[in-house]
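Subject: Structure handover

Hello,

Here is the structure I promised to pass on. Please open it alongside this note.

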Amino acid sequence: MKPIFVQLQCAPGKTYEVADEIYRKEIVSEMYSTSGDYDLLLKIYIQEGDDIGKFINDNIASVPGISRSLTTLTFNAF
């Protein structure tokens, strides 16, 4: 498993609804609220070799209330 970080921009007034829906999916290790252009930062573990874009499209991008998502960082544990 390797961690990825995903930033989400939510529609106005939808941040709590988006966060609740993502927690219900049980895919997030950690979730943080942020300031600036993005409202949430997610830490998610995926299997080595999994396609990050497909994972985000299948599990996160379909959540109602998300305006924009950005994968910010991927790395291998050492």
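A salt bridge here is a side-chain nitrogen of Lys or Arg within 4 Å of a carboxyl oxygen of Asp or Glu. By that criterion, the whole structure holds five salt bridges. I come back to some of them below.

First, a caution. This is a predicted model. The mean pLDDT of the protein chain is 85, and 91% of the residues reach at least 70. Where pLDDT is low, the predicted coordinates should not be read in detail.

Now the sheet. Strand β3 (residues 40-46) pairs with both β1 and β2. Strand β1 (residues 2-10) runs antiparallel to β3, with seven bridges. There, V6 sits opposite L42 of β3. Strand β2 (residues 28-33) is also antiparallel to β3, with five bridges. Two of the facing pairs are Y32 with L41 and E30 with K43. β2 and β3 make a hairpin, with six residues between the strands. In its turn, G36 has a positive phi of about 95°.

How enclosed is β3 by the rest of the structure? Five of its seven residues are buried, so β3 is largely enclosed.

Next, helix α1. V18, A19 and I22 are buried. They cover an arc of only 100° around the axis, which puts them on the same side of α1. The face turned away from that buried side carries the exposed residues Y16 and R24. Just after the helix, E26 has a positive phi of about 55°.

Then the core. The largest nonpolar core has 20 residues. L8, L42, I44 and I60 have the most contacts inside it. β1, α1, β2, β3 and α2 (52-59) each contribute at least two residues to this core. In soluble globular proteins, nonpolar side chains tend to be buried together.

Which residues does L42 touch, leaving aside those up to four places away in sequence? They are I4, F5, V6, L8, I22, E30, M31 and I60.

Back to the salt bridges.

- K14 with E17: the N to O distance is 3.4 Å. K14 is partly exposed, at 32% relative accessibility. E17 is partly exposed too, at 48%.
- D20 with R24: the N to O distance is 2.2 Å. Both residues lie in α1, four residues apart, about one turn of the helix. D20 is partly exposed at 37% relative accessibility, whereas R24 is exposed at 55%.
- K43 with E30: the N to O distance is 3.7 Å. K43 lies in β3 and E30 in β2, so the pair ties together parts that are 13 residues apart in sequence. K43 is buried, with a relative accessible area of 14%. E30 is partly exposed, at 28%.

There is also a network: salt bridges with shared partners join D20, E21 and R24.

Best wishes

Definitions and conventions. Residues numbered from 1 in each chain as written. Predicted model: local features only at pLDDT ≥ 70, side-chain atom pairs only at ≥ 80, totals over all residues. Heavy atoms only, no water. pLDDT = per-residue confidence, 0-100. Buried < 20%, exposed > 50% of the residue type's maximum accessible area, 1.4 Å probe, protein only. Pairing = 2+ DSSP bridges. Arc of directions from axis to C-beta. Core = buried A, V, L, I, M, F, W, Y, C linked by side-chain atoms within 4.5 Å. Contact = heavy atoms within 4.5 Å.
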